[in-house]
Number of protein chains: 2
Amino acid sequence: MSLASSTDQRLYQQLADNFAEAIHQGTLKPGKRLPAIRRVAQSHQVSVNTVLNAWQLLEDRGLIEARPQSGYYVRGMLPAVTRAGQHKARVRDPSSEKLDLIDKVFAAQNHPDYTNISLACPQDSELFPSTRIARITASLLRRQPNLIGRYALPPGSVYLREEIARRALHAGHSLTADEITLTHGCIEALQLALRAVTQPGDCVGLESPTYFFLFPLLASLGLKALEIPTDPQHGLSLDALEMLLQEKRIQALIAMPSAQNPLGYCMSLENKKRLAKLVNTYQVPLLEDGLYDELQFDWPLSPAVKAFDQQGWVLYCTSFTKTIAPDFRIGWIAAGRFHDAVARLKALSSMAESSLLSETLAAFLANGGYDHHLRTLRRRYAANLDEARGLIARHFPQGTRATLPRGGFVFWVELPGNVNTTEMFDRLLQEQICVTPGALYSLSERYNHALRLSCCYPFDERYTWAIRRAGAVACELAGLPPGQDHGVPLRPQTV
Amino acid sequence: MSLASSTDQRLYQQLADNFAEAIHQGTLKPGKRLPAIRRVAQSHQVSVNTVLNAWQLLEDRGLIEARPQSGYYVRGMLPAVTRAGQHKARVRDPSSEKLDLIDKVFAAQNHPDYTNISLACPQDSELFPSTRIARITASLLRRQPNLIGRYALPPGSVYLREEIARRALHAGHSLTADEITLTHGCIEALQLALRAVTQPGDCVGLESPTYFFLFPLLASLGLKALEIPTDPQHGLSLDALEMLLQEKRIQALIAMPSAQNPLGYCMSLENKKRLAKLVNTYQVPLLEDGLYDELQFDWPLSPAVKAFDQQGWVLYCTSFTKTIAPDFRIGWIAAGRFHDAVARLKALSSMAESSLLSETLAAFLANGGYDHHLRTLRRRYAANLDEARGLIARHFPQGTRATLPRGGFVFWVELPGNVNTTEMFDRLLQEQICVTPGALYSLSERYNHALRLSCCYPFDERYTWAIRRAGAVACELAGLPPGQDHGVPLRPQTV
């Protein structure tokens with residue numbers, strides 16, 4: 001990404017190293033703003049460009065972070081999770097204990113009285129353009145109350161499908177309205193896609209860790225899971241995947257290449273292209289979960305794997321649930337060569353989506369300021385993630401590591417000292433605090449010391465209290481003291 | 001039902017016979033209002049009660065019909081379909097031709113430019129309380145725009161589930177809000193219920209003819225179908241069913257005991273009780289499709305089989321799609337002993353229903369005049385059915401028979417002269433008229449001479465033109481002349 005000559009390069013690398021040192025020694029504390037670029041240029045007698053390049057390098061290393069219209073800030077000083085867990089490629093069915101635990105955590109997550117620091121559903125409606133959406137719905141109802149009395153039939157609102165196609169084009173897909181099937185949220189898109197491309201008994205490749213709902217979903221369809229090593233920063237191991245494809249050991253693959261839940265990784269463009277090529281070559285359908293695609297922090301957004309799909313082996317599944325209107329539950333799927341099968345299954349499963357809600361979304365996409373809204377969300381989540389990482393660094397046991405998400409609002413925390421996070425979950429539940437234990441994210445036991453946390457909430461006293469309490473319980477279980485503001489200054493190993 | 005002494009009984013039977021004769025001879029024509037009861041009592045020198053009893057008898061015979069607040073009318077003079085088709089109990093998978101035909105008809109049915117005389121979706125929004133619903137939605141949005149920004153989570157709006165439970169109680173079920181799962185229409189309720197109670201390879205008992213979407217639905221889940229003889233007036237043969245249950249030949253059963261689609265039959269209370277007892281005794285789940293329960297013409301409504309379900313083997317599936325708000329696609333299921341499994345599958349399949357739409361429905365159920373609205377719908381559909389039967393009698397070939405629906409708005413027509421209704425469908429499609437051929441309603445070929453028609457449309461020139469054209473094509477294919485107003489005066493054989 002550097003535009004500089006080699007002399008320049010030495011200069012800005014030196015500058016970056018100086019600042020990195022200051023950060024690691026705690027001179028520059030997490031959450032602090034870096035000095036203004038012009039001031040640094042003056043004091044170090046270098047050009048503004050050199051400083052900018054140095055900052056970019058620090059950003060690449062995960063040490064600082066740009067906040068639009070505000071400047072550069074030191075990131076929370078948690079060491080990054082940098083290694084995938086050990087893997088044997090074992091085909092599995094979930095045990096009934098695992099399914100029971102998922103049920104139990106899911107129920108706790110949805111409990112209205114609990115303080116939740118892990119749910120991936122923003123409940124702070126101030127984050128959503130609800131007032132604007134409400135105005136659009138009300139205006140539609142005034143002009144066309146008859147919409148309510150019309151049967152919602154497949155394939156659903158052409159206006160919405162056209163708007164989706166128009167936006168997809170910006171994001172690098174080339175789609176037409178006819179290639180899109182509206183669904184009841186992203187989970188229905190995944191469910192229909194699985195039913196379209198698999199038979200009971202088939203084996204589906206998954207990232208590890210992965211979205212925990214996929215385990216009971218696969219089980220409910222008589223499908224088996226095979227977890228594939230996934231790097232916390234680079235994502236799904238394509239080498240491991242290729243081996244599995246060669247050996248014909250999976251009949252389908254589910255992945256979330258952008259802002260993955262729970263790790264927050266974004267796959268590089270190069271790897272996205274390779275992934276698209278792999279599934280097309282081996283003719284194994286990829287269900288690409290694009291739920292957080294528009295919440296990637298990098299701009300311009302990195303395109304979806306679907307953008308490189310030559311022969312329709314990628315089924316792109318997503319939803320507006322995390323970005324515009326959680327209540328509406330409207331998602332969509334572009335199922336490529338499986339379009340007809342998916343459309344037929346949609347009609348058989350739940351027919352169609354409400355035209356009232358679909359047309360509301362379409363009008364918002366067309367002229368409601370969606371891009372502006374997305375920028376606000378991204379800024380907010382990026383800042384929240386940093387603040388949350390800072391809190392974890394202060395209050396969780398020394399040696400705690402966390403991922404550096406490149407989008408979305410969830411992140412992955414690994415605890416030291418053999419802390420059993422399922423036990424931690426139980427302990428915290430007694431105080432009505434809800435976390436999501438790592439055991440949910442794999443059918444193995446390899447994440448029993450991990451947690452998924454989320455920061456899509458307002459950072460109020462309740463949230464910070466809950467993080468502090470979670471940290472205290474973790475320290476107790478680990479038999480370790482909490483970290484410090486400048487503590488555990490491990491340099492992220494992948495820089 | 002008679003309250004009369006034996007002398008009275010002779011009197012009113014005589015009176016009924018006289019009027020039946022007049023109807024059969026065409027003196028009283030279909031659609032005509034009978035003379036006022038007091039006038040008949042005077043002219044025949046009998047009591048008002050005797051006339052009332054005679055009218056009831058004529059009604060039982062399907063010759064006349066009461067229209068609330070209006071009087072008694074002569075029904076369309078089509079002979080009734082009175083015999084179930086011949087059956088061998090054969091387990092089947094749909095052929096690909098059958099599935100293709102279903103796809104083709106479904107696509108044609110949903111074509112906006114076609115004149116449809118068979119679709120079971122009222123598109124005449126004047127039939128629905130859209131303006132009132134729109135007002136409720138708008139008011140909710142004004143008071144709680146934040147609803148839009150809240151994640152819709154299972155099990156969904158408690159307000160709506162409570163209102164449903166309250167109404168169910170009136171209809172003879174005893175349900176609590178906790179026993180109800182909201183679904184995306186009735187089709188999702190059926191889909192989830194099937195997935196909860198069956199394994200791929202299982203065999204599901206169906207009425208014959210039955211709702212045609214069930215065939216691809218079963219096929220999509222790897223289930224086989226076994227069609228059970230079904231009487232056009234009395235419904236599912238419980239003797240045949242008991243035999244199948246004894247022989248353990250079906251693992252689940254789907255039936256629509258009230259206002260069945262396509263026949264329009266309503267099972268007697270006695271048979272409903274027996275059906276409930278059978279499925280509880282043999283412990284085979286019954287998926288009761290209650291979609292048209294509230295559109296039964298008889299008042300008070302006959303309770304659902306679910307009302308007699310002792311041990312939770314009945315999964316009651318229904319929706320507000322045909323009665324309040326087709327666009328909202330909100331249905332529900334009371335899955336008895338399978339409640340937990342169904343609730344879990346709902347979350348995995350499509351998570352939950354929109355709170356905005358659910359709370360709108362709840363507010364309408366609570367104080368929107370739902371009962372008044374239902375009375376209007378029932379009156380309208382009863383009158384429409386009669387008018388439609390009159391049109392069929394005039395324009396379809398002599399010898400055409402039709403069912404006498406006891407609710408809803410669809411009916412079943414059997415043509416004479418080996419008319420192939422799939423050919424008729426193709427011919428009419430060229431004129432952009434859409435009917436539903438009988439071939440869809442069974443995996444056998446036994447209904448190739450039948451049609452399902454619907455009268456949930458306004459009876460405008462376009463509808464009557466389409467019926468006339470359908471009749472002309474049928475006459476041509478049958479090589480028979482059309483019926484007459486007073487023609488084909490076959491006395492319904494089951495009187």
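Modeller: In chain A, β16 and β17 (residues 450-454) pair in the antiparallel sense over 2 bridges; strands are DSSP runs of E, at least two residues, and helices are runs of H or I, at least four, numbered from the N terminus. Two strands pair if DSSP finds at least two bridges between them. Mind that this is a predicted model, where local features need pLDDT of at least 70, side-chain atom pairs count only at pLDDT 80 or more, and totals for chains, interfaces and linings use all residues. Residues are numbered from 1 along each chain as its sequence is written, and chains are lettered from A and ligands numbered from 1 in the order written.

Biologist: Which residue in β17(A) does A:T436 stand opposite?

Modeller: Look across from A:T436 into β17(A). The residue there is A:R452.

Biologist: Which strands stand at the edges of that sheet in chain A?

Modeller: The sheet is open, has 4 strands and runs β13-β14-β17-β16 in chain A, with antiparallel pairing. Two of these have a single partner strand each, so one side of each is left without a neighbour in the sheet: β13 (401-402) and β16 (436-437) of chain A.

Biologist: What arc do the buried residues of α4(A) fall within?

Modeller: Buried here means 20 or more other C-beta atoms, placed from the backbone, within 10 Å of the residue's own; exposed means 12 or fewer, and partly exposed is in between. In α4(A), the buried ones are A:K98, A:I102, A:V105 and A:A108. The face turned away carries exposed A:S96, A:D100 and A:A107. Taking directions from the helix axis to the C-beta atoms, the buried residues line one face of α4(A), so their arc is 130°.
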